[in-house]
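Here is a brief report on one protein chain.

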Amino acid sequence: MKILGIESSCDETGIAIYDTEVGLIADQLYSQIELHAQYGGVVPELASRDHVRKIVPLIQQTCDEAGLKLNDLDAVAYTAGPGLVGALLVGACVGKSIAWALDKPAVEVHHMEGHLLAPLLETEKPEFPFLCLLVSGGHTLLVDVQALGQYEILGDTLDDAAGEAFDKTAKLLGLPYPGGRYIAELAEQGDDQRFKFPRPMMNRPGLQFSFSGLKTHTRVTWEQAKGQCNSNVEIQQLKADIAACFQLAVIDTLSKKCLRAIKQTGHQSLVISGGVSANAALRDTLTKMGHKHRFKPFFPSLKYCTDNGAMIAVAGALRFKHKGIEQNNLIKAYPRWSLEQLL
Ligand code: KG4
Ligand code: ZN
């Protein structure tokens, strides 16, 4: 089965074709980052309009890359939620229309299920059941995954998502949007022991997260310490040290909660996915923790950590096999949609 995957839930238009016999055969991505960078965050209306501009040419490009015509496809999968409603509707309208015109099935995909299944694009794939840490710009979730569609959320964030905390800290330090990778780069030159940042919710039992206190602590530290700097060199070093201390606090919190959840559930595999899973220090910490505590971590390769069409295509193929589809011509998008509602 050859399935077209369409991702348009936020600021990336991602299109891919996945063949259930041979794997991924084409994959194209257009990022709107430059468009939104000047505003310091995603502007929803601009995002929708840019998806409208880019989505059809990108689908054509993806078919060309695969050497296929639309007619050769067996199904179309698209992100139906959660995300920005206007952006989701662009993908839903185009996906559903192509499927309808070809008289082929259309499959609604949950964006976070796409992230959760992204490591299946790798050669070494995780097998069900596993524990999953989903860390993106909008979500921080610890999920007990028993099988496809059997998801129990064990931990969620009470306020900011991990990626959002990275982005806000980057903004505070004057780094570009989205700031996760710039914090990571800066942190490499910093001293992560200069300040002791709090590890939110670590002293309480349970698997919940909270990053807003850490964000405030970071801001207060920056504002107090920058007043004591006497040169630009000192300011730059302070920024790097703050980035390193902040990153260590986030990684420490995420990894220790993963270990707690591994011990609680008895899972032997941990899938880490979503934009923040591209963070090299997080990957390194969880890999070492896996060696020590005998669990196996699975990460998507870097290009499939952040939003992309390939994870939607692979999730769509599995979902189609698992559930079939409900044949109707309704175009729906679900801006808020819990993973636990999936079957
Ligand atoms: O999964 P994603 O592309 O979009 C959402 O579904 O939200 O995740 C984007 C998030 C952003 O907050 C971005 O700053 C963060 O992932 N991110 C990183 C890194 N690369 C991307 N955070 C930390 N370190 C990175 N290397
Ligand atoms: Zn995402």
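Asp160 is buried, with a relative accessible area of 7%. The model is predicted. Asp160 lies in the loop between β8 (150-155) and α5 (162-172).

What does the side chain of Asp160 meet in a salt bridge at 3.0 Å, N to O? The partner is the side chain of Lys215. Lys215 sits in helix α7 (residues 212-226), so the pair ties together parts that are 55 residues apart in sequence. Lys215 is partly exposed, at 24% relative accessibility.

Lys168 has a relative accessible area of 32% and is partly exposed.

## A pair within one helix

Asp252 and Lys256 form another salt bridge through their side chains, at 3.2 Å, N to O. Both belong to helix α8 (residues 232-265). They are 4 residues apart, so about one helical turn separates them.

Is Asp252 buried or exposed? Asp252 is buried, with a relative accessible area of 18%. Lys256 is partly exposed, at 39% relative accessibility. Elsewhere, salt bridges with shared partners join Asp160, Glu164, Lys168 and Lys215 into one network. Over the whole structure, the search finds 15 salt bridges.

## Two domains

The domain assignment divides the chain into domain 1 (2-117 + 304-341) and domain 2 (128-299). The C-alpha centres of domain 1 and domain 2 are 28 Å apart.

How many residues of domain 1 are in contact with domain 2? There are 20, and they touch 24 residues of domain 2.

## The interface

The size of an interface is often given as the accessible area lost when the parts come together. Between domain 1 and domain 2, the buried area is about 1,800 Å². Carbon and sulfur atoms give 71% of that area. The salt-bridge count between domain 1 and domain 2 is 0. Polar contacts do cross the interface: 4 residue pairs are found, both residues at pLDDT 80 or more.

Which helices each supply at least two residues of the domain 1 side? They are α1 (33-37), α4 (111-117) and α10 (309-323). The largest share comes from α4, with 5 residues. By class, the domain 1 side that touches domain 2 has 10 nonpolar, 6 polar and 4 charged residues.

Where is Leu84 found? Leu84 is in the loop between β4 (75-81) and α3 (85-102). Leu84 is partly exposed, with a relative accessible area of 25%.

Beyond its neighbours within four places in sequence, Leu84 is in contact with Ser9, Cys10, Val42, Pro44 and Ala47. Ser48 is 36 residues from Leu84 along the chain. The C-alpha atoms of Leu84 and Ser48 are separated by 8.5 Å.

Methods. Residues are numbered from 1 along each chain as its sequence is written. Chains are lettered from A and ligands numbered from 1 in the order in which they are written. This is a predicted model: local features need pLDDT of at least 70, side-chain atom pairs count only at pLDDT 80 or more; totals for chains, interfaces and linings use all residues. Side-chain values use heavy atoms; hydrogens and water are left out. Domain bounds come from an automatic or database domain assignment. Contact means heavy atoms within 4.5 Å. Buried area is the accessible area (1.4 Å probe) that two parts lose on being put together, summed over both. A salt bridge is a side-chain nitrogen of Lys or Arg within 4 Å of a carboxyl oxygen of Asp or Glu. A polar contact is a pair of N or O atoms within 3.5 Å; within protein, one must be able to donate a hydrogen and the other to accept it, and residues adjacent in sequence count only if both atoms are side-chain atoms. Ala, Val, Leu, Ile, Met, Phe, Trp, Tyr, Cys and Pro count as nonpolar, Asp, Glu, Lys and Arg as charged, and the others, Gly among them, as polar. Buried means under 20% relative accessible area, exposed over 50%, partly exposed in between (1.4 Å probe, protein chains only).
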